[in-house]
Amino acid sequence: MNKIKKYKFLFEELVSRDFKEKYKRTVLGMAWSVLSPLLNLLVLVLVFTKLLGRNTPHYTIYIFCGTLIMAYFRESTRGGMRSLMANRSIINKINIPKYLFLLSNNVSSLINFSLTLCVFFVLCLADGIQFGWQFLMLPYAIVCLVMFNVGIGLILSACFVFFKDTSYLYDILLTLINYLSAIFYRIDSFSPNVQRLFLMNPLYCFIKYFRVIVIEGNIPSVQFHLLLLFYSLLSLAIGLLIYKKYNHKFLYYM
Amino acid sequence: MSNSLSAVNCNDVSIRYITGDFKDIGFKEYLMRKLTGNYHVTEFWADKNISFSLEEGDMLGIIGSNGAGKSTLLKAISGVMIPTRGTITTKGNIAALLELTAGFDGELTVRENTYLRGAMLGYTRDFMNDMYESIIEFAELEKFQDRPFKQLSSGMKSRLAFSIACLVNPDILILDEVLSVGDGAFRKKSGDKMKEILSGGVTGILVSHSTQQVRELCNKVLWLDHGNQVCFTDEVDLYLNAYEDFLINKKLPASYEDVQMMSERYLQKVELEREEKRAKQVAKLEKMIENEHVDVVDAAVNIIRKNRPELLKENA
């Protein structure tokens, strides 16, 4: 607790730095971070509505659930991956916990996510989606997703310190995950066994959770809640373990 | 523990450092080299069995040629690195200036950077609010407060870094080659500030290649050579003389007698040089009188004007 208090000021300053850097202090910069996922969504809707979306209710929202979560995951983990190396001149000279850089990066992606989330709700309203009590469960998924992203960020940032081509490999992996997460297609046409395989993709599970609540108007099962929690705790645990084991060695590689 | 009162206590510290092919190579390259047996990592001891302790108000000068392990030791003291063996205990807040402008962000303004740096050094927002004005004033950057940091000249950047580190009243101040910042006027100001801080009970550690600076500021000296501790002593002048001799003759002292001998030799050399210079001037003077038939007094004044102009000003 004492530590948190000690580094509170630094953390605030780091978040504000990352935020300013991201938007370059322009209103347009902020608008762009909302506009960019919208444009992305537009492209997907235009391309796939005729192809796959004929019998999917609220197809735009269906896609948006996917892009919303994917975009947050991508930004948060990519930024997290680079956060240690980007601050190496500081880490090399001043003794402050390195994870602060990762966390502050995650906070600024979270802010971005929240902005997009607002747009998401506006679009839901426009698409005639009924807002019910089940929406109150969304924060559960978001909290899990934040933990999941921090964990993946911890893992990636360590890999990136040791191997600089992690970023290229990760970009390829991201593309793969993007196609495997059922962002613009439905999985009911697959056999039940294949459908179960999708549950092994944490990103798909997060997207599915959103869709069940927003589009179907239901609350997912208890098991599904536990699955999300399991993924986020697993990712966080592996991330922390790697960080704890290797963070003293980072210095030699920076 | 008898040492628990000292501000910095370094107990038999050894630090192993690794260098080699591992930096900046990708996973692919790593695999290739591992498979072909081309992957080399060398370990070496950057510091071996270093022991010293500093009391409050001490100023330690760390001397030694390049690769002596000075910076690595500083990293260990500031807590960035963990010693492979031995322990380091420090008491109080450490402000490390291992490299002045590291950690500043070019996109942020001077004001924002000041707060960010203050936060990194472990201070609270309230404290920085109180100190901000005087930091900017000392750095002479009043007109640049809201300019992006990248627009400052390198001198201004170092001035700001120095001001922050000094004015935030650290308990332990670590300085690595930083007193040589800014122009002559600021250098004087920063030197004075340093002395003022040190007299206020701050414990300081200074790495410098300027023996003059160490003589002026430090009351203790740690001499390192290739990671080995040559000495830790408070006989600053004696050991610095010996160090100067070492820089010329490249031979380390083996005993205290050696040190005294080296110091003697250095002093003789300085004396000799001074003598030579004097002789040269005398010769010059004589030549002038012979060739130009000027008055002896005029010639002497000319020489003084050239070598020690301040003497003339005082008299006038």
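Mentor: Chain A has 12 helices and zero strands, where helices (H or I, at least four residues) and strands (E, at least two) are DSSP runs numbered from the N terminus. This is a predicted model, in which local features need pLDDT of at least 70 and side-chain atom pairs count only at pLDDT 80 or more, while totals for chains, interfaces and linings use all residues. Residues are numbered from 1 along each chain as its sequence is written, and chains are lettered from A and ligands numbered from 1 in the order in which they are written.

The C-alpha trace of chain A spans about 60 × 45 × 35 Å along its principal axes. Of the 254 residues in chain A, 37% are buried (20 or more other C-beta atoms within 10 Å of the residue's own, with C-beta atoms placed from the backbone).

Now the pair itself. Helix H7 (residues 138–162) and helix H11 (residues 222–246) of chain A have axes that come within 8 Å and cross at roughly 30 degrees; axes are lines fitted to C-alpha atoms, for helices over the stretch in contact, and angles run from 0 to 180 degrees between N-to-C directions. H7(A) is therefore roughly parallel to H11(A), a term for angles under 35 degrees. Their crossing is left-handed, meaning that the near helix is turned anticlockwise from the far one by less than a right angle. The contact of H7(A) with H11(A) involves 19 nonpolar, five polar and no charged residues, with Ala, Val, Leu, Ile, Met, Phe, Trp, Tyr, Cys and Pro counted as nonpolar, Asp, Glu, Lys and Arg as charged, and the others, Gly among them, as polar.

Terms used: Angles under 35 degrees count as roughly parallel, over 145 as roughly antiparallel, 65 to 115 as roughly perpendicular and the rest as oblique. A residue is buried if 20 or more other C-beta atoms lie within 10 Å of its own, exposed if 12 or fewer, and partly exposed in between; C-beta atoms are placed from the backbone.
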